[in-house]
Amino acid sequence: MSQDHPAARSLDRSDDAAPPHAHTDGAQHAAPHGLLRWLMTTNHKDIGSMYLIFSLFMFFVGGAMILAVRAELFQPGLQLMQPEFFNQLIGVHALVMIFAALMPAATGFANWQIPLMIGAPDMALPRINNWGFWLLPPAAVLLMLPFALAVFGIGDGALATGWTFYAPLSVQGGIGVDFAIFAVHILGVSSILGSINIIVTIFNLRAPGMTMMKLPLFCWGWLVTAFLLIATIPVLAGAVTMLLTDRHFGTSFFNAAGGGDPILFQHLFWFFGHPEVYILLLPVWGLMPHVLATFSRKPVYGYKAQVYSFIAIGVLAVVVWAHHFFTAGLPVPALLYFMYSTMAISLPLAVLFYCWIATMWRGAMSFETPMLFAQGFIVLFGIAGLTGLVLADVAADAQYHHSYFVVAHFHYALFAGGIMGVMTGAYYWLPKWTGHMFDERLGKAHFWLTVISFNLTFMPQFFLGLAGMPRRIPDYALQFAEFNAISTVGAFILGLSQLIFAWNVVKSIRGARNGLPRADERVWEGAQGLEWELSSPPPHHSWEVQPVVK
Amino acid sequence: MNSEEEAAMFAPEELARRRAASRRLAWALGAAVVALYLLGLFVKR
């Protein structure tokens, strides 16, 4: 198969300057090498790899921050840090995990997989794709720079408001808030660019015969995600810009002393913040049926029902925001509306759970690492859903709000739902990306250590919350000591066990040098879809010969 | 999902048409984003 074709070049601008030449599948163009290659690449697979590597690195950075927090919480009293630094670690941990670890991981998946799955040679806008990624590292540096500046006596550290920037605390905060506002703007631009690229690629570069109702569910999940990002990121950007003008330019949008309204900030923030949860989860929900069908050796159950559920969740996501501040003093009709609309999300979500389980029903199941993570995801994310219903109840939330119950709930959603979902996808597609299998024994060890230590970390936090322990405090009453000690031990095992994953990725990349077998095209016996018809790893221009979907 | 490979490569004209459509849609989405952002800035209580 020749790659020296004008159509192939037309979608990859990095090759514009390269002379035409013929080569075989899997060979690379005479593109820049070394660091310059990664800086200038417009290839979707290169950019996908950069997103994933960046995400993994930041996952460990954000994890290290929260291990310091858990170490402080191992015993009551202040042992390791002052409350101000504790607050900074918590806020930056959340921003790093959300914006620099989970979202880039999902975008990395999208970059790698969407062109492969829809039969496109690349993303539709390759240069924007490159720009979208390279905005991320400077934004991450901006988020964390105030920590370093404080060491040299400049400023008072990173933002200490939590990731929510609530006014009036954020109006009064130090330079860490300004750095975070700037970083959020840049991260937002990156997300918008990525979203636009994904939407136009799915709409315009599908293979002939691939109608929207034949689109792989992973692409559907990402399509809804991309529209959610486009609808909500500008509102977040607007809110933090208003915060910036309140801080430095004399406005009083959120400053009650000047006639502003701090609750307005909460409305604007959570108009973004709640859809953000689905932005993190929809790509995972999209990939889950692929994994379950593959290892059950059955077709996906309820394709249309899942598509309509994604869309329904996308719509509901933007009309339920105020359940995050039921206790702020909203009028009763508003409380009732937001309670019922929040509970309504459980309906399409229940459809998804039903379809996932029905996909496995009476299948010839096998339990390789991706399937184990998928099963762990279903069980643990189910706990997130059920405890979310408890928090959606206005009366119950009056007690649980701002307690460790909330912390436990959203970690079941975002670690068990988000990160374990990302691990599912990573193990599922890793052989396709590297061309070599991973170490199955290490993968299984990673899964079991993760599941056990995750529950050891976060299950006690439900009980801490029920017993009344508030979140975001470095010190606590004596009766909470035992559960906090257990939670800290679990957190350290959880953090350390993720190193197994990193080592497994390195082993798969090194491939034969680590004695791992080559992956064939299909990789998994039951895998279905266009992406499994390309070699592992796929050729430089993923699809040069146009596939036709029957 | 099954597929069959045709002998033909991606037709350059077809790809050019799709890329042009992608650019148009990208500009429209970008304009919607900017409009939303500006709307946020002018929110009044």
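Predicted model: local features only at pLDDT ≥ 70, side-chain atom pairs only at ≥ 80, totals over all residues.
Helices (H or I, at least four residues) and strands (E, at least two) are DSSP runs, numbered from the N terminus.

View 1. Residues are numbered from 1 along each chain as its sequence is written, while chains are lettered from A and ligands numbered from 1 in the order in which they are written. Chain B holds 1 helix and 1 strand. Of its 45 residues, 16% are buried (20 or more other C-beta atoms within 10 Å of the residue's own, with C-beta atoms placed from the backbone).

**View 2. Helix 17 meets helix 18 in chain A.** Here the axes of helix 17 (residues 440-466) of chain A and helix 18 (residues 481-510) of chain A come within 8 Å and cross at roughly 155°. Axes are lines fitted to C-alpha atoms over the stretch in contact, and angles run from 0 to 180 degrees between N-to-C directions. Helix 17 of chain A is therefore roughly antiparallel (over 145 degrees) to helix 18 of chain A. The residues of their contact comprise 17 nonpolar, 11 polar and no charged.

**View 3. Helix 4 meets helix 9 in chain A.** Next, the axes of helix 4 (residues 83-118) of chain A and helix 9 (residues 217-248) of chain A come within 10 Å, crossing at roughly 125°. Contact residues (C-beta atoms, placed from the backbone, within 7 Å) include A:Ala110 and A:Gln113 of helix 4 of chain A and A:Trp222 of helix 9 of chain A.

Key
Parallel < 35°, antiparallel > 145°, perpendicular 65-115°, else oblique. Nonpolar A, V, L, I, M, F, W, Y, C, P; charged D, E, K, R; others polar. Contact = placed C-beta atoms within 7 Å. Buried ≥ 20, exposed ≤ 12 C-beta atoms within 10 Å, placed from the backbone.
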